[in-house]
Structures are given as C-alpha cells and as structure tokens.
Amino acid sequence: MSLPKCPHCGSEFTYELSDTTFGCSECGNEFTQADSDNASDKFVVLDSVGTELSDGDDVIIVQDLPVKGMPKPIKKGTKAKNIRINENGKNGHFIDAKIDGFGAIGLKGSVVKKG
C-alpha cells in the first residue's frame, strides 16, 4: 500500500498514525486520506520555515536581496504587504509583491517568512 502525499506541503514522506489518519515527517501535518485526495491538485507555496502562503498575506524578507540595476540590496526585515501567489512565476519566483520604496517584485518562498 502506498501512503498518500501530505496535502499541506506535498511531501511523499508520510507515515500512518492510525487506520484513517496520516502524518507528515517534513511539516508535522496530520491528515486523513480524504484531505489528501481533496488537496492533490492545489498549488502550494511555502515560506522559508514551511508555512503555507496565500493571497493577501504579509511577508518579511529573511535575507538581503541584491537586485540587478539597483545600487543597494533589499534589506533583511523589509516587509511586503498583500502578496499574490502566481503559479506561472519564472524560475521559482511564485510570489508577486510590492515593496515600499522599490516597487513590484517576484520573490521565492525561500527568502520570505510569513509575518
């Protein structure tokens, strides 16, 4: 019997907790087979600590980001408000955000934290 993927993070590293409940070894999520079946087609973007991001969230940059053509990087701790998840982002940049003093930018989940 193959175990279902985690509906929260999409990990294949799951384990059986009981006859009807499963757990994820990567994000710690507990779920049922029905949860996994319903979420299998959902596009998910995770932040640097594994929290699922959704449209309208505010995020904080977790490292300095050099940007081509800009004299200074975007500093760690900068807040981006009201993000949008974009399934068609290029090179893993699935987060569309606006940063005060900079403008629109595409971000990867690995450089932000939900805040």
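Welcome! Begin by selecting Asn91, which counts as exposed because its relative accessibility is 67% (exposed is over 50% relative accessible area, buried under 20% and partly exposed in between, with a 1.4 Å probe and protein chains only). Before you move on, note that this is a predicted model, where local features need pLDDT of at least 70 and side-chain atom pairs count only at pLDDT 80 or more, while totals for chains, interfaces and linings use all residues. Residues are numbered from 1 along each chain as its sequence is written, and side-chain values use heavy atoms, with hydrogens and water left out.

**Two asparagines**

Stay with Asn91 and check its backbone: phi is positive, about 55 degrees, although Asn91 is not a glycine. This residue belongs to the loop between strand 7 and strand 8 (95–99). Helices (H or I, at least four residues) and strands (E, at least two) are DSSP runs, numbered from the N terminus.

Next, select Asn82, in strand 7 (residues 79–85). Here too phi is positive, near 55 degrees, in a residue other than glycine. Asn82 has 44% relative accessibility, so it counts as partly exposed.

**The whole chain**

Now zoom out and show the protein chain as a cartoon. You will find one helix and 10 strands, in the sequence pattern β-β-β-α-β-β-β-β-β-β-β. The radius of gyration is 17 Å, well over the 13 Å that the globule rule gives for 115 residues, so the protein chain is more spread out than a compact globule (the radius is taken over C-alpha atoms, and the rule is 2.2 Å times the number of residues to the power 0.38). Along the principal axes, the C-alpha atoms fill a box of roughly 55 × 20 × 20 Å. Of the 115 residues, 26% are buried.

Look at how strand 1 meets strand 2 (residues 21–24): three bridges join them in the antiparallel sense. Pick out Tyr15, which stands opposite Gly23 in strand 2.

Move on to the open sheet of five strands, ordered 9-8-7-6-10 and paired antiparallel. Its edges are strand 9 (103–107) and strand 10 (112–114), each pairing on one side only. From one strand to the next, the twist averages 40 degrees. Strand 6 (residues 59–61) runs antiparallel to strand 10, joined by three bridges. Select Ile61 to see it opposite Val112 in strand 10.

**Last stop: a pocket**

Which residues line the largest pocket? Select Leu65, Pro66, Val67, Lys68, His93, Ile105, Gly106, Leu107, Lys108 and Val111. On a 1 Å grid over the protein atoms alone, a pocket is an open set of points where a 1.4 Å probe fits, with protein on both sides within 12 Å along at least five of seven lines; lining residues have an atom within 4 Å of a point. This lining divides into six nonpolar, two polar and two charged residues.

Technical notes: Pairing = 2+ DSSP bridges. Nonpolar A, V, L, I, M, F, W, Y, C, P; charged D, E, K, R; others polar. Axes fitted to C-alpha atoms, helices over the stretch in contact; angles between N-to-C directions.
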